[in-house]
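Q: Could you walk me through this structure? I am new to it, so please spell out the terms as you go.

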Amino acid sequence: MEPAEEQDAGNHTLLSEFILSGLSSRPELQHLLLFTICFIYSMTLIGNLLICMATAHPTLHTPMYFFLRVLSFLDISTASVVVPKMLVNTLSEDRSISYLGCVTQLYCVVFLASTEWYLLAAMAYDRYVAVCRPLRYPAVMSTRACLSMVLLSCCSGQVVSVVQTAWVFTLSFCGPRRINYFFCDIPPLLLLSCADTSRYERQLISATVLVIFTPFCLILLSYTCIVSSILRISSAESRHKTFSTCSSHLTVVTLYCASGTLIYLQPKSSNSQEAKKVLALIYTTVIPTLNPLIYSLRNKEVKEYNIYTFLLKLSTSHV
């Protein structure tokens, strides 16, 4: 993709970079933001790496924990695409990002977010088979089937990302180069376009339905069947255990759905850009930090093999 053209005083020059405004332009908040984002990013890396280590235990080589490891990897990747550049911009007066850098960042964010949504749907299907079809679970959720689901999620995310990124950067950008955001995303880039984007906005809403609402409907259908099966379980302890396992996943889905839809269903609404910044921060940095906490607190097996627990047992044995 070639850089778009920018009109300046009647002459056309190549637009080689954008300016990211960041989370806030107030100097007195920069140090607080730097510390907060550093802390959140550190917790994201540590928490998700611990999930990967905990679920690598031989007794946890099951489809649910395999999907959880992939989810943790996607969370680390999403935060790493956004946060380091945001930290550099917070420390530096130069908040520019090259045209190619903006293309790459947008592609990665859309790819990771789309892949994660399809993966969440695969995780819901895994829970449906485990609860509603337990006798067929080993055959249906085989290693090959799990790998195929992850590969399909990645391929679907790839298609969505290529289409969305290519479409955005075929638009012509004019006027200010400043993106009122802390990373390159579709809604703030649309605000910079001097072309009619109504057709693209309709296409983006359709893509949002495809990427978010279609998996969400499949997830709701899976959990409707799961709840129906749970209510038929006679043992209260078994009902509680099954519900606890599923509620972690449902909590994560709700957080993603709420923030994602509010960002992309009104892509060119300029009066809500500050609110969208907060939602995007939650989507790209806060939720990846919360995921390990949600799954650890609600899952007995993950807590048992968490590295913190292992270190605690090790230190106690030496006392």
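Q: Which residues does Phe111 touch, leaving out those up to four places away in sequence?
A: Phe111 touches Cys154, Gly157, Gln158 and Ser161, where a contact means heavy atoms within 4.5 Å. This is a predicted model, in which local features need pLDDT of at least 70 and side-chain atom pairs count only at pLDDT 80 or more, while totals for chains, interfaces and linings use all residues. Residues are numbered from 1 along each chain as its sequence is written, and side-chain values use heavy atoms, with hydrogens and water left out.

Q: Where does Phe111 lie, and how far apart are Phe111 and Cys155?
A: Phe111 lies in helix H3, residues 99-132, helices being DSSP runs of H or I with at least four residues and strands runs of E with at least two, numbered from the N terminus. Phe111 and Cys155 are 44 residues apart in sequence, and their C-alpha atoms are 9.2 Å apart in space.

Q: How many helices and strands are there in the protein?
A: The protein has 11 helices and five strands.

Q: And what does UniProt annotate as "transmembrane region"?
A: The unreviewed UniProt entry gives that annotation to several spans, among them residues 66-84 and 146-169; its positions are given here in the numbering used for this model, feature names are shortened, and annotations may be inferred rather than shown by experiment. In the model, residues 66-84 are 100% helix and 0% strand, with end C-alpha atoms 27 Å apart, and residues 146-169 are 96% helix and 0% strand, with end C-alpha atoms 35 Å apart.

Q: Switching to charges, how many salt bridges does the structure hold?
A: It holds two salt bridges, each being a side-chain nitrogen of Lys or Arg within 4 Å of a carboxyl oxygen of Asp or Glu. Glu17 forms one with Arg177, with the closest N and O atoms 3.2 Å apart. This pair links distant parts of the chain, 160 residues apart, since Glu17 is in strand E3 (residues 17-20) and Arg177 is in the loop between helix H5 (143-168) and strand E5 (178-179). Arg127 forms a salt bridge with Asp126, where the closest N and O atoms are 3.0 Å apart.

Q: Are Arg127 and Asp126 buried or exposed?
A: Both Arg127 and Asp126 are buried, a word that stands for under 20% relative accessible area, with exposed meaning over 50% and partly exposed in between (1.4 Å probe, protein chains only). Glu17, by contrast, is partly exposed at 25%, and Arg177 is partly exposed at 33%.

Q: What about aromatic pairs, how many are there?
A: The count comes to 12 aromatic pairs, where rings of Phe, Tyr and Trp (its six-membered ring) pair if their centres lie within 6.5 Å, and planes under 30 degrees apart count as stacked, over 60 as edge-to-face and the rest as tilted. Phe66 and Phe67 form a tilted pair, 5.8 Å centre to centre with 50° between the planes.

Q: Which residues form an aromatic cluster?
A: Phe18, Tyr99, Phe169 and Phe173 form one aromatic cluster.

Q: Last one, how much of the protein is buried?
A: Buried residues make up 48% of the 319 residues in the protein.
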